Amino acid sequence: MNRRVVITGLGVVAPNGVGIPAFLHAIRHGVSGIRHDPSYKDLHFNCQVAGMPEFNWERLRGYVSEITYHGLQGHALGYGIMAALDAWTDAGNEIGGREAIWDTGCVFGSSVSECEVVKKIYNRVDAGEAKKLGSRVIEQMMNSSITAYISGRLGLGNRIIATSAACATGTQAILMGYEYIRQGTAQRMVVGSSEHVDPYIFGAFDSMRILSRKFNDTPEKASRPMSETAGGFVPGSGAGALVLEDLDFALGRGARIYAELLGGACNSGGQRNGGSMTAPASPGVIRCITDAVAYSGVDPLTIDLISGHLTATAADTMEIQNWCLALGRNGRNFPPINSLKSMIGHSLSAAGSIESVAAVLQIVHRFIHPNINLDDPNPGILRQIDPDCLPVKAVERELRTVVKANFGFGDVNACLIFSKYN
Amino acid sequence: MERRAILEELRKVLYPYTENKELLENIDEHTALVKDLKINSANLVDIIIDTEAKYNVEIDFDSAEKIITVGDCINAIAEKIPR
């Protein structure tokens, strides 16, 4: 059976826009969601800027039951629930039916439990007050918390899988959802990922000296992928979600189709050949991209846009080289490439899903979002590709195929091929 | 504190845990928390913790296990607070 998988719903909670209309406006116009946080100065962080969604916690009341709302603490849970439920209703579905929906599942990822929430447990238990923790702690500490909340609210009855693959989490979750539909296990999958970088996780990254620290007074300039003055990434938070659906099933219910997911690949460089806990091995990255392209049956020359991982660290130049080798394109023959992280920072496990939502929106609305803060491209990148491949203003253009990849700690890679639905 | 006054306070404690708010309108001492108010039994511990915080009392595990109705809850509180 040759099933095709299409995208019928989108949801997003991003630092530069909560909800699809706000996010679409922001990425079209190059709006930064990076802000200065004075509390980071008090904590003696080197990096004092972050991409935090302007999240109105009260709005969650419209998404979960009051019993769930009362006592819900995890930020990443709030972001993920909102993005997933928005995607579900965006796909034309209703929430709160009485029966389990057996043909629909969920793959949703996250990278870490929230230390701020865990801290409250430590404090209670260490004070001999475990009795006061109550019934709502475990459900928010489970690795599967987010999928438990989403699937419970929607009544999903197919495979419910919580995933984690560092910065490749979101991309990998989308690919897993795709595969369940392809193999006929499910008709629909709600897929995505969420992340909240609290001060404890932030501090641990800050200590690794891989965060942007020279733009604390000009936060909107702090996230500079591919720039000569890039000096590390800016932590971001948020969530992205998509509803993936078997094409015939979608047509059968008269769903609006945004785009098609042609396929993808997911692998690891094995932490060999230059790969490590923190660095991706080029052979693994190149193999992941070429496998995704080959599986999807697209001609690399028809790829009209690359949505890079491109975090604004020293790895950006190597990433461009890997793309050149994987696609067999360079110089003027290289496709346009952009990094959403220039506007929202690096939201770790949520990066792949938020950037995939952006990729689909660019296909649907026929544009390429700008790379902001790229007035000084890295010369090492310009030796490989033409400056015209690095749009700094939005470009109106019909996009046939968009490639999205993310690479994570542990040397894990994931790549997706989105296309216009024909 | 009068039992009637405690019941009014309890109504507020029970509010977030009771999905159907109408059920709370006519509660009396005989109302069963799980059976009548349809409260998730897992949330009984949260109700006890909220009650403890509200009256600054400690309800031990053994007393808590006996709480089935609103009246049981009032008993547990009334026992602990000074007259």
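Mentor: We'll take the chains one by one, then the places where parts meet, then a few single residues.

Trainee: What kind of model is it, and how are things labelled?
Mentor: It is a predicted model, where local features need pLDDT of at least 70, side-chain atom pairs count only at pLDDT 80 or more, and totals for chains, interfaces and linings use all residues. Residues are numbered from 1 along each chain as its sequence is written, while chains are lettered from A and ligands numbered from 1 in the order in which they are written.

Trainee: How many helices and strands does chain A have?
Mentor: Chain A has 15 helices and 15 strands. These are DSSP runs numbered from the N terminus, with helices being H or I of at least four residues and strands E of at least two.

Trainee: And how does its radius of gyration sit against the globule rule?
Mentor: The radius of gyration of chain A is 20 Å, close to the 22 Å that the rule gives for 422 residues, so chain A is as compact as a globular protein of that length. The radius is taken over C-alpha atoms, and the rule is 2.2 Å times the number of residues to the power 0.38. Along the principal axes, the C-alpha atoms of chain A fill a box of roughly 65 × 55 × 40 Å.

Trainee: What percentage of chain A counts as buried?
Mentor: Of its 422 residues, 53% do. Buried means that 20 or more other C-beta atoms lie within 10 Å of the residue's own; exposed means 12 or fewer, partly exposed is in between, and the C-beta atoms are placed from the backbone.

Trainee: Switching to chain B, what pattern does it follow along the sequence?
Mentor: The pattern of chain B is α-α-α-α, with 4 helices and 0 strands. The radius of gyration of chain B is 12 Å, close to the 12 Å from the globule rule for 83 residues, so chain B is as compact as a globular protein of that length. The box filled by its C-alpha atoms is roughly 35 × 25 × 20 Å, taken along the principal axes, and 24% of the 83 residues of chain B count as buried.

Trainee: How many residues does each chain put into the contact?
Mentor: Chain A gives 9 residues and chain B gives 8 residues. Two residues are in contact if their C-beta atoms, placed from the backbone, lie within 7 Å. By class, the side of chain A that touches chain B has 1 nonpolar, 5 polar and 3 charged residues. Ala, Val, Leu, Ile, Met, Phe, Trp, Tyr, Cys and Pro count as nonpolar, Asp, Glu, Lys and Arg as charged, and the others, Gly among them, as polar.

Trainee: Back to chain A: which domains does the assignment give?
Mentor: Domain 1 (5-259) and domain 2 (263-419), with bounds that come from an automatic or database domain assignment. Their C-alpha centres lie 21 Å apart, and 62 residues of domain 1 of chain A are in contact with 59 residues of domain 2 of chain A. On the domain 1 side, α8(A) supplies the largest share, 8 residues. By class, that side has 32 nonpolar, 25 polar and 5 charged residues.

Trainee: Where is Gly74(A), and what is it in contact with?
Mentor: Gly74(A) is in the loop between α3 (66-69) and α4 of chain A. Leaving aside neighbours within four places in sequence, Gly74(A) is in contact with Glu114(A), Val117(A), Gln140(A) and Ser145(A). Gly74(A) is buried, with 24 other C-beta atoms within 10 Å.

Trainee: Which residues other than glycine have a positive phi?
Mentor: Among them are Gln271(A), with phi of about 55°, and Asp411(A), with phi near 60°. Gln271(A) lies in the loop between β9 (259-268) and α11 (282-296) of chain A, and Asp411(A) in the loop between β14 (401-408) and β15 (412-419) of chain A.

Trainee: Are those two buried or partly exposed?
Mentor: Gln271(A) counts as partly exposed because it has 17 C-beta neighbours inside 10 Å. Asp411(A) is buried, with 25 other C-beta atoms within 10 Å.
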